[in-house]
Amino acid sequence: MKQDIYNLFYDQGLNTESLDFIERSKMTTYNSMNLGMRIGSIMQIPYYSKQVANHTTELGMCEKIPLQKTFNETALKLRDIQLVRKSTRKFNKFINLENLSNVLLNSYFVTEIFKDHSHHLARRSIASGGALYPIDLYYISLHTEGLENGTYFYNLHNESLDCLVLEKEEKNYMTNLLKAFPEEIKGEWDFSTVSGIIIFGAVINRVACKYGDRGLRFALMDVGAILQNIHLASAAENIDCCAIGGYIDDAIDSFLHFRYPDAYNIFIPGSDEYYIFEDLFGIQRLYGNSFEKSKEFWKEIKCLKIKRKSMIDISRIIYFLLSCVFITMFWGIFVFFISYPIWSRFM
Ligand SMILES: Cc1cc2nc3c(=O)[nH]c(=O)nc-3n(C[C@H](O)[C@H](O)[C@H](O)COP(=O)(O)O)c2cc1C
């Protein structure tokens, strides 16, 4: 039994039924039309909304113990923020980097670092099953003043936004993003007034490796907790926001280059081996950034205008070159063995 644990991080922690649930609960281009119509029609029938929203669990005859409010000052402040929190779908003003920082840094952040604890390294602003924190936040900047349009990873340990890709660097950036929000589900949303979108990404295996299928529930609970914190932090800063559950899952996944839960790759760029190094060094997009730096460097060589490089950039270029050598060696050996039955005949 113990030896199973050695493969914990690389084994799929979810059963096929849970992976099926993830697949089946997706909004796709095939079901979005029906789903959109269903959601729209239910909202237009007040009877249904009232039946669902006003529903309370009927317990019949039972003793009712009255609850008293005796909030202290801090509790009252929390209550005041909750009272003003609401979802807003029409936006009048773009936020700036400072507003965004305040929302992120007050929603999902490290509250305490443990020096002596063997495994609980840092407490965060939400409770999380097993303190495994499977959720990562990404930010798509559309009109955030002081922040270029593009996709960022919210690095809560570093309190930074790590740039994954800029709109100007990626062909069809907006077209690809809008694929996730087709007309039939977009409704009245007007992205030209939206400052940016926070995406919740989960590395399910971070919890599933410990809790198995139950980890999926725990990951969803983390999302709820962070979502509420984002709403409260926004309300406290007088910033409008709204959760949006209508989007094509696969389009967002591919926009952010997420891998599928059951993805199995061998040694190709962006595959698991590269993520092992990313995890090992704790650097996001290690291969992607190294590739881009090397491309820039190659352009400089071609124009004979080589700029001074930082140690980080030099390491990235070396990492990319080493990756190229290893990929070539790997595929060379692979092709060598796989073609053995053919070439051995001529020996
Ligand atoms: C998981 C989730 C998905 C949601 N999806 C949408 C959505 O796609 N479009 C939308 O206009 N509002 C969406 N909302 C916002 C809800 O409609 C809103 O929270 C609800 O009407 C209650 O209103 P309030 O947040 O102002 O209290 C979503 C909220 C949650 C929590």
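Here are some questions and answers about the predicted model above.

The model is predicted, so local features need pLDDT of at least 70 and side-chain atom pairs count only at pLDDT 80 or more, while totals for chains, interfaces and linings use all residues. Residues are numbered from 1 along each chain as its sequence is written.

Q: How many helices and strands are in the chain?
A: Let's start with what counts. Helices (H or I, at least four residues) and strands (E, at least two) are DSSP runs, numbered from the N terminus. On that basis the chain has 14 helices and six strands.

Q: Is A236 buried, partly exposed or exposed?
A: A236 lies in helix α9, residues 214-236. A residue is buried if 20 or more other C-beta atoms (placed from the backbone) lie within 10 Å of its own, exposed if 12 or fewer, and partly exposed in between. A236 has 17 C-beta neighbours inside 10 Å, so A236 counts as partly exposed.

Q: How are α4 and α9 oriented to each other?
A: Axes are lines fitted to C-alpha atoms, for helices over the stretch in contact, and angles run from 0 to 180 degrees between N-to-C directions. Helix α4 (residues 73-84) packs on α9 at an angle of about 95 degrees, with the axes 9 Å apart. Angles under 35 degrees count as roughly parallel, over 145 as roughly antiparallel, 65 to 115 as roughly perpendicular and the rest as oblique. That's why α4 and α9 are roughly perpendicular.

Q: Which residues in α9 meet α4?
A: Two residues are in contact if their C-beta atoms, placed from the backbone, lie within 7 Å. From α4 come I81, Q82 and V84, and they meet L232, A235 and A236 in α9.

Q: Which residues does A180 touch?
A: Residues up to four places away in sequence are not counted here. Beyond those, A180 touches Y247, I248, A251, I252 and F255.

Q: What share of the chain is buried?
A: The chain has 347 residues. Of these, the buried ones make up 18%.
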